[in-house]
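Visitor: I have a structure open and would like to learn how to read it. Could you walk me through a few features?

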Amino acid sequence: MSAAQKKTVKAKLPATLPFLVEIGTEELPPKSLRKLALAFLEHFEAQAIAKGLLPAGNHDEVFFSPRRLAIYAPALYPRQPDRSEEKLGPAVAAAYDAAGMPTKAAEGFAKSCNTTVDKLSRKQTDKGERLAFTLEIKGETAAALLPGMVQEALSKLPAPKRMRWGAGTVEFVRPVHWVLMLLGDKVLKSEILGLAAGDKTYGHRFHHPAAIPIKNPADYRRSLEKFGKVLVEDRDGTLAKKIGSLVVQAATKAKGKARLERPLLEEVAALVEWPVPLVGDFDPRFLALPEEVIEVVLQGQQRYFPLRDAHGKLLPHFVTISNVQSKEPKEVKRGNERVIVPRLTDAMFFWDLDKG
C-alpha cells in the first residue's frame, strides 16, 4: 500500500460517532426529576436500537440537574444499515386475467413498489401463491434521524401537567431556555421544543450563568463541573452519593450522626447543582416535641438531615445542602435556621394544647 493510500485509509470516517443532547430548562420538579430523566433515556435508547444506530452491547448515559436533562451516547453509527424488505402483493390468480395479462391489482402493486410488473416475483405462502417484490432500502443518516428521535422521546415523558410559555404553543414540563445537540463535533441543526439547537450549555445560575461552548460530547460533564460549577446526576446516583458523603463529613464535625435515606438524598440531588453542606442549629426546647414531628419539619418540609448522638438521641442540629458557595456562609446558615422556627413553634403550640 502506497503512502497516499495509507493516508486515505486514515482519513476515513470513524465507525461510530458520539452524540449529546441537552434540554436546558427552568427548575424541574425535584421529586420526579429522576423519573423524567430515566424515561428520556429509555425512550431514546429504544429508538436508537430499533433504527439500528446503537451498536450491540453499547449503552447510553443520562445526566440531569434541576435545570437540565441530557443524554450522552458514546457511540452511534453515522447511518442506518441498508436493508432488504420483502413486500407481498395480490394472489397470482387475481393478478393476471385469462389471457395472462396483468390486472389492475398487479399493476397497482408494482406501482406501489416503484417497479414494473415484469420485475415482480412469485412466492408460495400459506394462502397460496402471491406476487412479491424485494425492496432495497438505503439506511438514513443519524443526523437526519436524531432530531426526530429526541422530539419523540421528549413527547413520551411521564409528565401529566405540561406548561406553555411566551406566545408560543410548545408545551413541556418547564419552560425551555436552550437546546444543545452534537453529533461528533458538528451541531445538528434542527428545532427542538421551539428552539434552534446549538453547541452551548449554561452553568450554575449564580456562579456561572454565561454560555459554555461544548466542542466534543465526551467533554460535557467535565466542562460543566470545571467551568460551569454544575455537578450533574446520573442513573447510578453519583451526585446523591457525593451529597451523602458531604452530609457525613459535616455531621462528624458537629459530633453527630445523620441517617442517610435514599429518597431524601435523591431529592436533594435534584434540587442543587453545586452542593455545599452547612450545619444549622435550633432551640433545644423543641426537643420536647416527638422526634417524628421534628423529622417531618426538618426532612419532609425543608430537606434537612437531622443529627443524632452516639446513642441515637436527636440533637438540636441539622445538616442542610446549599446550592451556592456563599461568601457569607453564616448568613446562609442563619436563613436556614430561621425558616424552621415558625414551623416548630406551631408544632409546639399544638403539642402543648393536646397535652393540656
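Guide: Gladly! Keep in mind that this is a predicted model. Let's begin with a single side chain: Trp178 has a relative accessibility of 7%, so Trp178 counts as buried, the cut-off being under 20%.

Visitor: Is Tyr202 buried, exposed or partly exposed?

Guide: Tyr202 is partly exposed, because its relative accessible area is 27%.

Visitor: How are the rings of Trp178 and Tyr202 arranged as an aromatic pair?

Guide: For a pair like this, look at the ring centres and at the angle between the planes. Five aromatic pairs turn up in a search of the whole structure. In the one formed by Trp178 and Tyr202, the centres are 4.9 Å apart and the planes make an angle of 55°, which is a tilted arrangement. This pair links distant parts of the chain, as Trp178 belongs to strand E7 and Tyr202 to strand E11 (residues 200-202), 24 residues apart.

Visitor: Which strands pair with E7, and in what sense?

Guide: Follow the bridges. Strand E1 (residues 17-25) pairs with E7 in the antiparallel sense over seven bridges, with Ile23 opposite Val179. Strand E8 (residues 186-187) also runs antiparallel to E7, joined to it by two bridges, and there Leu182 stands opposite Val187.

Notes: Residues numbered from 1 in each chain as written. Predicted model: local features only at pLDDT ≥ 70, side-chain atom pairs only at ≥ 80, totals over all residues. Heavy atoms only, no water. Pairing = 2+ DSSP bridges. Helix = DSSP H or I, 4+ residues; strand = E, 2+ residues; numbered from the N terminus. Phe/Tyr/Trp six-rings, centres within 6.5 Å; stacked < 30°, edge-to-face > 60°. Buried < 20%, exposed > 50% of the residue type's maximum accessible area, 1.4 Å probe, protein only.
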